[in-house]
There are 2 protein chains.
Amino acid sequence: MRRVVLFAGGVGGARLAAPLARALGPEDELTIVVNVGDDFEHLGLAISPDLDTVLYHLCGLADTERGWGLRDESFGTLEELRALGGPAWFALGNRDLATHLYRTQRRSEGAPLSTITAELVRARGVDARVRLLPVSDAPVRTMVDTDAGELAFQSYLVERGARDRVRGFRYAGADEASPAPGVVESIAAATQLIVAPSNPYVSILPMLAVPGIARAVAAAPGLRSGLSPLIGARAVKGPLVAMLEALGHPATSFAALTAAGFPLDFAYLDPADAHETPHFAAAGMRVVLFPLVLRDAAADAVARALLEPALPG
Amino acid sequence: MRRVVLFAGGVGGARLAAPLARALGPEDELTIVVNVGDDFEHLGLAISPDLDTVLYHLCGLADTERGWGLRDESFGTLEELRALGGPAWFALGNRDLATHLYRTQRRSEGAPLSTITAELVRARGVDARVRLLPVSDAPVRTMVDTDAGELAFQSYLVERGARDRVRGFRYAGADEASPAPGVVESIAAATQLIVAPSNPYVSILPMLAVPGIARAVAAAPGLRSGLSPLIGARAVKGPLVAMLEALGHPATSFAALTAAGFPLDFAYLDPADAHETPHFAAAGMRVVLFPLVLRDAAADAVARALLEPALPG
């Protein structure tokens with residue numbers, strides 16, 4: 001019986017979460033701890049992009065090409081909002097909107113994010129062996145310090161198209177936050193911990209910034225594996241390379257996998273980055289080379305390799 | 001040059017507003033003062049049903065059969081919300097949702113309801129001679145006292161299908177509210193005031209409950225006309241007859257037109273209610289008999305009759 005904890009941001013986490021769930025044995029359990037640093041309030045709605053992306057992938061409804069939102073989605077509401085002169089920079093599909101309306105209504109009733117997430121997971125028919133936990137029920141908001149001033153994450157990424165030069169990050173609210181129910185317990189009980197190929201600055205660090213998480217990870221008895229979010233110095237998605245370089249780091253898998261300070265036993269690299277192996281070895285990490293294109297059968301192969309009790313390398 | 005002020009609730013007001021707007025001469029102006037007593041917060045959204053119904057009719061986008069919402073509307077978001085187990089009792093169409101999202105966003109930015117309404121009116125391309133004013137920028141909420149306890153208006157009407165016996169009404173917040181900018185000035189400058197065939201308890205009285213409105217109406221120099229919301233003891237729409245009877249009144253046009261205490265010079269009755277004429281005469285009102293089915297050409301005829309400087313009767 002394996003108890004797997006996956007630390008996940010948005011797309012990278014979602015693309016790994018679904019194949020991991022498929023690879024579970026009958027007695028296995030998968031707990032996905034999800035970043036809430038890019039959650040925001042928009043149009044009055046409580047939006048949790050990473051939780052939604054992971055959930056939509058888990059239940060098979062995700063638009064996997066686009067990387068966000070639901071398949072076969074229509075955008076009539078957004079088009080109408082644009083016609084009214086409203087802020088339409090954050091794309092919200094008609095069916096996706098129901099998730100935000102549900103969450104907003106339940107929040108207004110006092111339900112914590114973890115409870116709402118569990119309700120959505122159940123309503124979407126996700127496998128009962130899989131749990132989805134926001135890292136915290138309290139707001140943690142990634143703020144991006146840029147040459148255009150400090151920006152809320154979604155303003156930086158979506159509204160302004162990640163065009164501003166990054167100088168640093170702040171995780172507002174993290175100091176006062178605490179782990180959501182079950183998070184620390186899951187980490188302590190895990191047979192293995194997996195860090196998804198997510199952006200260290202805006203997906204992993206906002207989780208480690210919640211008091212108690214980093215300590216739980218450091219004390220965890222399970223094996224800790226991380227997948228590089230870079231393949232051949234390119235991010236699969238998002239502005240990670242620009243962030244690394246703006247902060248004075250090379251665009252390498254080593255820089256990406258160590259930036260968050262998440263202690264790792266195993267680093268999964270794409271063969272394109274095999275030349276980086278000595279850096280990891282020097283830092284006490286074992287490298288597993290595996291094609292990291294998380295699509296279809298290749299993603300399932302990565303998931304099975306991760307769940308193998310005797311890891312190669 | 002006519003300066004017309006129309007006091008409007010939802011459907012009754014909307015069905016009169018559009019033909020009145022069509023009947024305006026080049027120099028005429030129409031100000032529609034709209035009830036906000038059935039506004040509510042739902043799913044995190046700021047919803048103003050009467051303002052929206054009037055606006056949608058004015059811009060020709062209303063679903064005039066149904067009486068609410070937009071024509072050619074789809075309901076994918078609502079269906080998805082229902083599938084998630086969320087509260088789906090208040091029907092929200094996909095395009096209609098954009099109006100609520102726009103209003104909610106602007107409210108969160110601090111814009112008053114009257115400003116937001118003006119923006120929506122402009123965005124929808126309404127004739128520049130027509131103004132739409134919420135009676136107040138402050139919240140006024142119609143609360144219905146029933147044998148099942150006090151209910152917020154939308155809970156009474158939509159969620160519970162108006163099945164509870166009514167004992168009375170309260171207009172929460174009215175005492176602290178003040179008229180929105182332009183309302184009192186429009187009333188004072190009006191050449192005529194028209195009360196739409198709206199429910200007196202839940203459309204007209206919540207407006208008169210805002211301090212300053214009843215006094216402005218009483219002091220207005222313009223002729224005051226009211227259209228009966230009943231035709232042959234039946235309401236065109238809604239639970240007015242049950243309300244009148246529950247409060248000990250007969251289901252008559254006289255009861256309906258006098259229940260709100262709005263002072264009238266002219267009462268417009270459908271010929272089906274011609275027998276009530278003596279009651280109005282005894283109360284000092286002149287009766288105009290006119291078919292009050294506010295559809296198509298008949299509605300335009302009513303509007304033209306209302307705007308005639310020399311009223312018959």
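Ala233(B) sits in the loop between strand S11 (230–231) and strand S12 (234–235) of chain B, where strands are DSSP runs of E with at least two residues and helices are runs of H or I with at least four, each numbered from the N terminus. This is a predicted model, so local features need pLDDT of at least 70 and side-chain atom pairs count only at pLDDT 80 or more, while totals for chains, interfaces and linings use all residues. Residues are numbered from 1 along each chain as its sequence is written, chains are lettered from A and ligands numbered from 1 in the order in which they are written, and side-chain values use heavy atoms, with hydrogens and water left out.

Ala233(B) has a positive phi of about 65° despite not being a glycine. Most residues other than glycine have a negative phi. At 37% relative accessibility, Ala233(B) counts as partly exposed; on this scale buried means under 20% relative accessible area, exposed means over 50%, and partly exposed is in between (1.4 Å probe, protein chains only). Leu43(B) is another non-glycine residue with a positive phi, here near 55°. Its loop runs between strand S3 (40–42) and strand S4 (45–47) of chain B. Leu43(B) is buried, with a relative accessible area of 1%.

On to the two copies. Chain B can be laid on chain A by a turn of 180° and a shift of 0.0 Å along the axis, with an RMSD of 0.0 Å; the superposition is by least squares on the C-alpha atoms of residues with pLDDT of at least 70 in both copies. The copies are therefore related as by a two-fold rotation axis. Within chain B, the C-alpha nearest that axis belongs to Gly44(B), 2.9 Å away from it. Both copies use the same surface, and 100% of the contact residues of chain B recur in chain A, contact being heavy atoms within 4.5 Å.

Next come the salt bridges, each defined as a side-chain nitrogen of Lys or Arg within 4 Å of a carboxyl oxygen of Asp or Glu. Over all chains, a search of the whole structure turns up 34 of them. One joins Glu150(A) to Arg170(A), with the closest N and O atoms 2.8 Å apart. Glu150(A) lies in strand S7 (residues 149–152) of chain A and Arg170(A) in strand S8 (residues 166–172) of chain A, so this pair ties together parts that are 20 residues apart in sequence. Glu150(A) is partly exposed at a relative accessible area of 38%, and Arg170(A) is partly exposed at 41%.

In chain B, Arg170(B) forms a salt bridge with Glu150(B), and the closest N and O atoms are 2.9 Å apart. Here too the pair links distant parts of the chain, with Arg170(B) in strand S8 (residues 166–172) and Glu150(B) in strand S7 (residues 149–152), 20 residues apart. Arg170(B) counts as partly exposed at 42% relative accessibility, and Glu150(B) counts as partly exposed at 39%. Elsewhere, salt bridges that share partners join Glu80(A), Arg95(B) and Arg124(B) into one network. Back in chain A, the side chains of Arg160(A) and Asp164(A) meet in a salt bridge at 2.7 Å, N to O. Arg160(A) is partly exposed, with a relative accessible area of 25%, whereas Asp164(A) counts as buried at 9%.

That leaves the helix packing. Two packed helices are described by the angle between their axes and the distance between the axes. The axes are lines fitted to C-alpha atoms, for helices over the stretch in contact, and angles run from 0 to 180 degrees between N-to-C directions. In chain A, the axes of helix H1 (residues 11–23) and helix H13 (residues 296–307) come within 8 Å and cross at roughly 65°. H1(A) passes H13(A) in a right-handed crossing, meaning that the near helix is turned clockwise from the far one by less than a right angle, with anticlockwise for left-handed. Among the residues of H1(A) that meet H13(A) are Arg15(A), Leu16(A) and Pro19(A), and the H13(A) side includes Asp300(A), Val302(A) and Arg304(A). By class, this contact has nine nonpolar, no polar and four charged residues; Ala, Val, Leu, Ile, Met, Phe, Trp, Tyr, Cys and Pro count as nonpolar, Asp, Glu, Lys and Arg as charged, and the others, Gly among them, as polar.
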